[in-house]
Amino acid sequence: MKTGVIVYMAGDEPQGFCPEIKNVPAMLDFKADRVAWISRHSGYHDIHDADFALSAKGMDRIICLMGEFTDTGHVSLTGRALRLRG
């Protein structure tokens, strides 16, 4: 079973932020095969859009997480994981 993670980011992205270089899977307690970002200026438009894209790429289990940008420009995961499917 492949696992996809949607990270819903609160706040504005720091200057020069590139979601591909952030190592979110290393921050998780489980293995993620793909990560989708939702933020104000990049990534997917909403959770449904990201969910559809991940399921189309073969993800059977999809988890949604809330994150925020810290003052130093890093990603901090907040709250609990919400399982959307699988």
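Good morning. The fold is built on an open sheet of four strands, ordered β2-β1-β3-β4, with mixed pairing. Strands β2 (34-38) and β4 (75-85) are at the edges with a single partner strand each, so one side of each has no neighbour in the sheet. Averaged over the sheet, neighbouring strands are turned by 25 degrees against each other, direction ignored.

A word on conventions. This is a predicted model, in which local features need pLDDT of at least 70 and side-chain atom pairs count only at pLDDT 80 or more, whereas totals for chains, interfaces and linings use all residues. Residues are numbered from 1 along each chain as its sequence is written, and side-chain values use heavy atoms, with hydrogens and water left out. Helices (H or I, at least four residues) and strands (E, at least two) are DSSP runs numbered from the N terminus, and two strands pair if DSSP finds at least two bridges between them. Axes are lines fitted to C-alpha atoms, for helices over the stretch in contact, with angles from 0 to 180 degrees between N-to-C directions.

Let me turn to the pairing of β1. Strand β1, residues 3-10, runs parallel to strand β3, residues 61-69, and eight bridges join them. Within this pairing, G4 has I62 of β3 as its bridge partner. Helix α2, residues 47-56, packs on the sheet and touches β1, β2, β3 and β4, its direction making about 160 degrees with that of β1; contact here means heavy atoms within 4.5 Å.

T3 belongs to strand β1 and is buried, at a relative accessible area of 4%. Buried means under 20% relative accessible area, exposed over 50%, and partly exposed in between, for a 1.4 Å probe and protein chains only. Neighbours within four places in sequence aside, the contacts of T3 include F30, R34, M59 and I63. Q15, by contrast, lies in the loop between β1 and α1 (24-27) and is exposed, with a relative accessible area of 84%. From Q15 to A53 the C-alpha separation is 26 Å, across 38 residues of sequence.

What makes up the largest nonpolar core? It consists of eleven residues: V5, V7, M9, F17, L28, A32, W37, I63, L65, F69 and V75. The elements contributing two or more residues to this core are β1 and β3. Another core lies apart from it and has eight residues, I6, A36, I38 and M59 among them. Such a core is a set of buried Ala, Val, Leu, Ile, Met, Phe, Trp, Tyr and Cys residues joined through side-chain atoms within 4.5 Å.

Finally, the charged pairs. The structure holds three salt bridges, each defined as a side-chain nitrogen of Lys or Arg within 4 Å of a carboxyl oxygen of Asp or Glu. D12 and R40 meet at 2.8 Å, N to O. This pair links distant parts of the chain, the β1-α1 loop for D12 and the β2-α2 loop for R40, 28 residues apart. D12 is partly exposed at 47%, and R40 is exposed at 58%. In a further pair, the closest N and O atoms of K31 and D33 are 2.7 Å apart. R85 and D51 also meet at 2.7 Å, N to O, joining strand β4 to helix α2 across 34 residues. Here R85 is partly exposed at 36%, while D51 is buried at 14%. Thank you.
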